[in-house]
Amino acid sequence: MFEWKREYSVGNALLDKEHERFFELAKRAFFTGRNEVSPIYLKNLINDFVNFAKQHFKHEEDYMKQIGYPFLTEHAALHENILRTFVMLSSSDKPVLQAKEELIKVVRAWLVEHMLTNDIRIERWQKKQQINITEENVLEKEINELEQKFIDYDYVCNCPDMVHKIPESIHLRIVAGEPFVCERCGAKVKLKN
């Protein structure tokens, strides 16, 4: 089961707390995948995701604006796509089994593609901005060490010309057999040759 870890921190206490909350909601979603649940329970859970996403995305976008994150517009577009997917799922009249499968697919995509990849990039960028050392070689060494800490692996899916930058911690989980899927096409990601 997925557990929030300190290494997933984006350097903001509120956002980290909300990311922990997302992991709790994700556990509930995975529970529904393995158990029989009523349509009402499932609809309420999906609505919990919608409400949580609205609140969390606003907080995250406010934070990115506050720190001057240069990729705010692109990141906000990802938020809009995730939220739209949850809203469509909440208004769907699909059978419970199909809705459960789609919910789990969306949750996994948010977890891997968005939170553990795109959100962590906010922290990387923020740390690079905080490095304020005047000696050129010391600064270069710090940046190299920081980038080494966050090695990305290139993964592909069925989306044309799409390369997913996956952090080493997730790469190791994929290698260990955990399936991770693209939030756009829903296909399992594979290590790029």
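Q: Is Asp 161 buried or exposed, and what is its relative accessible area?

A: Asp 161 is exposed, with a relative accessible area of 85%; here exposed means over 50% relative accessible area, buried means under 20%, and partly exposed lies in between, using a 1.4 Å probe and protein chains only. Before going on, a word on the basis: this is a predicted model, in which local features need pLDDT of at least 70 and side-chain atom pairs count only at pLDDT 80 or more, while totals for chains, interfaces and linings use all residues. Residues are numbered from 1 along each chain as its sequence is written, and side-chain values use heavy atoms, with hydrogens and water left out.

Asp 161 sits in the loop between S1 and S2. Its phi is positive, about 55°, although Asp 161 is not a glycine. The element names come from DSSP runs numbered from the N terminus: helices are H or I runs of at least four residues, and strands are E runs of at least two.

Now to the sheet itself. It is open, with three strands in the order S2-S1-S3 and antiparallel pairing, where two strands pair if DSSP finds at least two bridges between them. Strand S2 (164-167) and strand S3 (190-191) are the edge strands, each pairing on one side only. Strand S1 (residues 152-156) and S2 are joined in the antiparallel sense over four bridges. Along that pairing, Asp 152 stands opposite Pro 167 in S2, and Tyr 155 stands opposite His 164 in S2. S1 and S3 are also antiparallel, over two bridges, with Val 156 opposite Lys 190 in S3.

Helix H6 (residues 168-175) lies across S1, S2 and S3 and runs at about 90° to S2. That angle is taken between N-to-C directions, from 0 to 180 degrees, with axes as lines fitted to C-alpha atoms, for helices over the stretch in contact; contact means heavy atoms within 4.5 Å. In H6, Ile 170, His 171, Arg 173 and Ile 174 are buried. They cover an arc of only 160° around the axis, which puts them on the same side of H6; the arc is that of the directions from the helix axis to the C-beta atoms. After H6 comes Gly 177, whose phi is positive, near 110°.

Stepping back, the protein has six helices and three strands, following the pattern α-α-α-α-α-β-β-α-β along the sequence. Of its 193 residues, 43% are buried.
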